[in-house]
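Here is a short briefing on helix packing and chain contacts. Please keep the structure open while reading.

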Amino acid sequence: MLSRRILLCLLFLCVGLTACSSDKSEQFPVKNTPEIHDDGSTTLRRGNGAEPESLDPHQARSVPAANVLRDLYAGLVQIAPDGEIVPADAESWEVGEQKLVYTFTLRDNARWSNGEPLTAQDYVYSLRRSVDPVTGSPYAQLHTPIVNANDIIQGDKPPESLGVRALDDKTLEITLKSPTPYFLGTLAHSISYPVYRPAVEAHCAAFPQPGNAVTNGAYKMASWRVNSMIGLERNTEYWDDANTAIDRVEFYPITNGNSALSRYQAGELDWATKVPISQYDAIEKYIPAQLHTQPTLGVYYYGLNLRRPPFKDAPELRHALSMAIDRRVIVDKITRGDEIPAYGWIPPVVEGYDGAKFEWTTLSDADRNAKARELYEKAGYSEDKPLEVEIRYNSGEGNKKIASVIASMWRSVLGADVTLRNEEWKVFLDSVRQGATTEAYRLAWIGDYNDPNTFFELMNSKFGLNGTGYASAEYDRLQEKQAHMPDGPERNKVMKQAEATLLADSPVIPIYFYVSKYLIKDYVKGFEGNPLDAYYSKDLSIEP
Amino acid sequence: MSSRADEIEIASAPEKGRSLFSDALLRLRANRAALASLGLLGFIVVAVVVGPWLSPHDYFTQNYGAIWVPPTMTESHWFGTDGLGRDLFVRALEGGRISLLIGLVATLVSLVIGVAYGATAGYAGGRVDGVMMRIVDILYAMPFLFFVILLMVFFGRNILLIFVAIGAINWLDMARIVRGQTLALKQQPFIEAARMSGASPFAIVLRHIVPNLLGVVAVYITLTIPQVILFESFLSFLGLGVQEPATSWGALIKDGADEMGRAPWLLIVPAVFLAVTLFCFNFIGDGLRDALDPKDR
Amino acid sequence: MLSYALRRLLGAFPTLLILLTLAFVMMRAAPGGPFDADRELPAQVKANLEAKYHLDEPLYQQYGRYLWDVAHFDFGPSFQYRDITVNDLIASGFPVSLKLGGASLAFALLFGVPLGMVAALRQNRPADYAAMTTAMLGISIPNFVLAPLMILLFAVYNDWLPAGGLGGWQNYVMPVLALGTAMMAYVARLSRASTIEVMRSNYVRTARAKGLSARRVVWVHALPAALTPVVSFLGPAAAGIITGSVVIETIFGIPGLGQFFVQGALNRDYTLVMGVVLFYGMLIVAFNLVVDLLYGWLDPRVSYS
């Protein structure tokens with residue numbers, strides 16, 4: 001009997017996974033087995049993408065690391081479930097009249113996981129460490145609004161000169177170079193978390209390891225096995241421990257979407273971060289309530305290398321290529337996860353800013369394609385003399401599909417002769433940086449805080465990796481101007497100007513804005529999406 | 001001494017009037033499984049060459065209105081379509097061209113290098129063998145990912161290079177196995193006899209050792225071909241495999257595995273092609289082995 | 001025999017040294033470095049990181065430093081996992097890989113050899129075709145297909161085994177099957193071929209002619225000789241399987257060594273790559289030595305003088 005059932009299942013698996021019965025729950029089985037221990041304590045099991053490269057808040061780089069660090073550490077401020085910035089270690093703060101001096105008052109009961117009180121001096125030490133070039137922080141630049149931070153990062157001034165000081169044990173003063181509307185947002189980022197000085201000094205690089213780590217968040221390190229699991233347990237010293245519901249959190253590194261889904265279905269995960277595109281339809285059909293989608297701060301784009309032909313001095317061509325891409329098709333048919341077609345540079349989910357758009361956004365498909373062909377011909381290309389262009393992308397299923405689609409669109413709408421070239425990530429980065437052979441390439445950008453500046457900054461000619469070689473004095477000026485203006489209609493006007501300049505110059509072709517997709521079991525309560533994709537396990541509970 | 005003389009008779013004096021190959025061909029013809037496989041393989045080869053013309057579709061045109069269409073007679077998507085609405089029938093056959101080519105050429109490269117290297121090391125023995133085998137050890141442990149990345153950086157991308165890369169990585173197993181067999185063979189009386197009768201080492205290896213190795217080698221070839229075909233899909237991950245929109249069975253299977261929950265035909269079709277081809281190679285390999293076996297002659 | 005083994009062990013040092021040197025050169029010649037990312041580091045930060053890991057020194061000096069450390073069994077800190085040393089990574093990954101690989105190997109041998117021999121003794125009969133069809137299926141279904149199918153069947157649609165992760169022995173069942181099946185198929189194919197070969201050889205014919213029972217002929221004469229190509233294949237294959245498989249490990253969430261080979265290379269984690277390459281090299285050398293010694297024992301025709 002049993003063996004017949006196995007055979008049947010196998011057969012069905014081969015024929016189409018239509019499964020062994022017509023029952024809905026058996027077609028797409030999902031086991032609801034929360035981990036509740038005998039003493040009533042609960043464990044939350046989260047899928048977490050790649051293995052975190054580091055759990056040193058100042059060394060961490062990736063989203064998976066940030067997810068773990070958010071549970072381990074508390075900053076001066078934190079992100080509430082709805083995305084608002086709310087007090088954390090700092091009970092309150094005052095902002096000086098010129099918006100230059102921030103004075104934070106730390107909570108009396110803010111403590112480290114070993115019971116030691118958390119002081120303003122801890123923050124001074126940690127902020128200095130975060131910008132000290134010796135630390136090698138990938139996110140040090142987030143602190144450039146603070147006095148002298150940039151010079152310290154460049155190695156021109158000592159870390160002690162940072163504009164941060166402790167007025168007393170519980171009062172911290174941070175002085176900025178110039179008013180920065182998004183400054184508080186950067187304080188919720190892991191680069192602004194405090195680290196425990198004695199642990200860092202005693203264990204050097206190994207201080208984040210279980211046994212060495214001393215943290216100030218809702219949880220503390222319990223175990224860490226690379227490529228297997230990171231286990232956290234409740235930090236009873238945490239100032240808000242009374243409101244923490246879940247006792248243990250386990251982070252599982254799972255990079256493969258299908259594996260994540262299987263483990264979720266098998267009842268081994270309460271929360272899966274990877275949802276395979278090909279299973280999206282089934283998920284929406286069978287377990288729609290468990291699927292959570294949230295537009296986030298991220299843009300998927302194609303860069304055009306302006307230093308070489310064919311894109312050098314060819315704005316018409318760049319516009320033609322941009323217009324020839326039907327973004328609706330890409331989000332509806334390829335990414336399939338309710339991504340938002342990008343007709344501008346700044347994700348619409350960004351707070352308090354209504355972005356500029358390409359002027360052709362409202363055209364019908366036929367008109368848009370006709371306009372694209374017109375520009376293409378204006379740029380000097382035609383059927384007899386087609387554009388030869390190469391799309392370079394880094395290996396990855398989604399990238400490959402999108403590159404294929406874009407190549408096909410350029411071919412069919414414009415008649416361009418498109419070749420595809422995929423490269424391994426580091427080789428790809430090297431090619432993009434050097435810009436000696438690249439033409440069109442794909443990249444993406446994820447914002448660090450909820451403010452348009454995190455996207456504007458990227459296109460500044462002096463900022464980081466500039467694969468397009470875009471260097472517009474006008475754009476740089478506008479970007480730097482808006483970064484130091486107080487929030488309000490004035491700043492919005494400048495930002496809109498900056499975005500319009502960028503879209504007119506078109507060194508990049510924005511394709512779509514990211515949407516995060518999560519599968520979360522019904523018994524996990526308290527989840528609320530926010531555009532920063534910042535979630536704290538302490539805000540959740542398990543209630544079967 | 002008499003037994004040695006017998007061996008010489010057996011090893012180097014085939015029946016009169018038949019060459020080694022016509023003899024082998026005759027025996028192969030008697031093996032029905034091998035013959036059927038040969039026919040089927042021939043059919044697959046013809047199909048991948050002319051098949052794409054039978055379909056009204058081509059392998060690169062995308063149709064966003066027909067994504068993940070299951071196999072159907074209407075619209076002549078006989079094997080269904082993929083996530084971009086491309087026809088799988090044509091893609092599977094197009095992929096077959098590349099995979100068969102890669103499988104055969106890379107296997108041939110690894111065969112030639114592996115047999116020559118292994119037989120030489122095994123026959124020479126002693127210090128030469130020691131050094132040659134230590135080189136194999138080193139190559140085994142080399143981080144081949146870097147090898148592939150470097151190949152790509154220095155020589156650009158080119159399909160020939162894929163063959164070389166794969167063949168260059170795959171000959172190691174062949175060399176080890178051949179050497180192991182040679183070590184055993186060279187103690188055999190008939191080799192000793194050949195040596196004493198004044199044959200040069202080269203002639204001995206070529207005429208006496210290699211023919212005796214064919215059994216194991218033929219089998220190993222049937223193990224190498226699938227390895228090579230699947231390995232190609234991994235190379236495309238590094239940017240060295242076939243580039244979209246071109247494809248191969250390895251790449252189709254890999255993509256199909258990701259989408260098998262939604263569109264199982266994307267996995268089943270190329271997997272069946274691959275499996276059938278491998279079965280054919282397998283039975284042909286066995287048939288060849290039997291046909292070429294000098295002991296049976 | 002003993003002096004042969006000793007000589008081989010001494011020979012391992014130059015072998016490993018050449019391996020390390022070649023790996024070092026290849027790695028450094030590849031484009032991209034460990035600190036490259038789409039979010040570029042500020043110049044000074046990057047310079048400091050490079051100084052911290054001695055990447056700013058001339059290559060020969062870095063090479064010398066590395067050899068010196070390795071001679072003291074110190075593989076250095078990982079560039080990718082900044083909080084962890086390569087020694088710790090290998091030490092945590094190897095036991096898991098050893099368990100998984102060892103079980104897969106045992107599975108492959110226990111089922112592969114009998115399957116191959118049965119097929120050989122019933123050559124071109126239904127039992128042979130059935131056995132070889134099974135073997136070819138094992139070879140032509142790649143493990144990245146087999147593994148998810150098994151997960152769906154055993155963990156998702158039924159509740160028989162865990163879908164992934166590390167726990168009890170149950171967590172090893174599917175990975176061992178997925179990893180061992182292809183290898184079992186290889187072993188079956190190879191042992192079938194060599195058994196056929198051996199059964200036709202003169203000494204087996206002689207043994208048979210002497211009137212020994214068929215069973216005795218198979219067990220005492222044929223089996224050992226039939227195993228030689230299998231053993232020859234097993235040397236590197238065992239070293240490979242014991243150092244893990246990236247595909248199986250990522251699909252099942254098993255923290256073995258296999259992922260480090262690929263992750264290390266893709267991340268340009270120089271120290272991690274060197275560490276696992278050297279470790280793998282040592283295993284290869286050791287296994288191949290064992291294999292060569294086994295030859296002499298299995299096949300009376302081979303001698304090491």
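The points below cover one helix pair and two chain interfaces.

This is a predicted model. Within chain B, helix H4 packs against helix H9, with axes that come within 7 Å. Chain A is in contact with chain C and with chain B.

**Helix pair in chain B**
- H4(B) spans residues 88-124, and H9(B) spans residues 201-238.
- Their axes cross at roughly 145°.
- The crossing of H4(B) past H9(B) is right-handed.
- On H4(B), the contact residues include Ser99(B), Ile102(B), Gly103(B), Ala106(B), Leu111(B), Val115(B) and Tyr123(B).
- On H9(B), they include Pro201(B), Val205(B), Ile209(B), Leu213(B), Val217(B), Ile221(B) and Glu232(B).
- By class, the H4(B)–H9(B) contact has 16 nonpolar, 6 polar and 1 charged residues.

**Chain C against chain A**
- Chain C puts 42 residues into this contact, and chain A puts in 50.
- On the chain C side, the elements giving two or more residues are helices H2 (43-52), H4 (86-121), H6 (143-156), H10 (246-252) and H11 (258-266) of chain C.
- H6(C) gives the most to that side, with 7 residues.
- The chain C side that touches chain A divides into 24 nonpolar, 10 polar and 8 charged residues.

**Chain B against chain A**
- Here 19 residues of chain B meet 24 residues of chain A.
- The chain B side that touches chain A holds 10 nonpolar, 5 polar and 4 charged residues.

Methods. Residues numbered from 1 in each chain as written. Chains lettered and ligands numbered in written order. Predicted model: local features only at pLDDT ≥ 70, side-chain atom pairs only at ≥ 80, totals over all residues. Axes fitted to C-alpha atoms, helices over the stretch in contact; angles between N-to-C directions. Helix = DSSP H or I, 4+ residues; strand = E, 2+ residues; numbered from the N terminus. Left-handed = near helix turned anticlockwise from the far one by under 90°. Contact = placed C-beta atoms within 7 Å. Nonpolar A, V, L, I, M, F, W, Y, C, P; charged D, E, K, R; others polar.
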